[in-house]
Amino acid sequence: MEPLTSKKKVLEQKPLTFAERMYLPAIAKGLSVTISHLFKKEATIRYPEVEREFSTNFRGMHSLKRDEQGRERCTACGLCALSCPAEAITMIAAERKPEEKELYREEKYAAVYEINMLRCIFCGLCEEACPKEAIYLDGPIVPADYLRKDFIYGKDKLVEQPLNK
């Protein structure tokens with residue numbers, strides 16, 4: 001293949017000194033960088049023993065809140081599922097029975113409420129869309145696991161425990 005232009009750039013190389021041929025300056029520079037890192041603060045946080053400090057606007061694992069009487073706030077309106085851009089929230093609504101009056105606030109409640117944590121992007125739009133202030137992203141870090149099915153969190157993991165009176 002022929003070049004497009006006839007211009008050529010001539011490079012001149014000066015001969016290396018004896019020290020440069022032995023790579024002594026390069027070795028000394030590399031050692032100085034390595035030794036300087038010994039005196040710097042560690043960047044690694046030893047996780048199980050030391051917890052990382054999070055900012056005030058950190059979004060952790062979801063939690064479904066209860067009201068002052070210990071009843072679930074969620075009324076299965078579906079606004080959180082509609083506002084979720086990742087479509088990570090699924091729910092099935094059910095009618096409250098008369099004997100369940102102390103468990104749920106409204107006539108309708110979420111019989112099944114699931115969040116797929118692998119799809120969730122922790123944007124907080126579900127938290128903003130909820131008119132009953134039932135869902136918050138105020139929990140801890142989502143723990144690691146090996147199976148995909150273990151990342152689908154139901155009401156058993158999401159609903160906060162009732163206050164003991």
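**Annotated site**

I looked up Cys-123 and found it in the loop between strand 3 and helix 4. Helices (H or I, at least four residues) and strands (E, at least two) are DSSP runs, numbered from the N terminus. The model is predicted: local features need pLDDT of at least 70, side-chain atom pairs count only at pLDDT 80 or more, and totals for chains, interfaces and linings use all residues. Residues are numbered from 1 along each chain as its sequence is written, and side-chain values use heavy atoms, with hydrogens and water left out.

Cys-123 is partly exposed, because its relative accessibility is 26% (buried is under 20% relative accessible area, exposed over 50%, partly exposed in between; 1.4 Å probe, protein chains only). Cys-123 touches Arg-59 and Pro-85, leaving aside residues up to four places away in sequence (contact: heavy atoms within 4.5 Å).

I then checked Cys-120, in the loop between strand 3 (108-116) and helix 4 (125-129). Cys-120 has a relative accessible area of 14%, so it is buried. With residues up to four places away in sequence not counted, Cys-120 touches His-62 and Ala-88.

The UniProt record (unreviewed entry) gives "binding site" at Cys-84, Cys-120, Cys-123 and Cys-126; such annotations may be inferred rather than shown by experiment, feature names are shortened, and positions are in the numbering used here. These four span 43 residues in sequence, but no two of their C-alpha atoms are more than 10.4 Å apart, so they gather at one spot.

**Tyr-23**

I found Tyr-23 in the loop between helix 1 (18-21) and helix 2. Tyr-23 counts as exposed because its relative accessibility is 58%.
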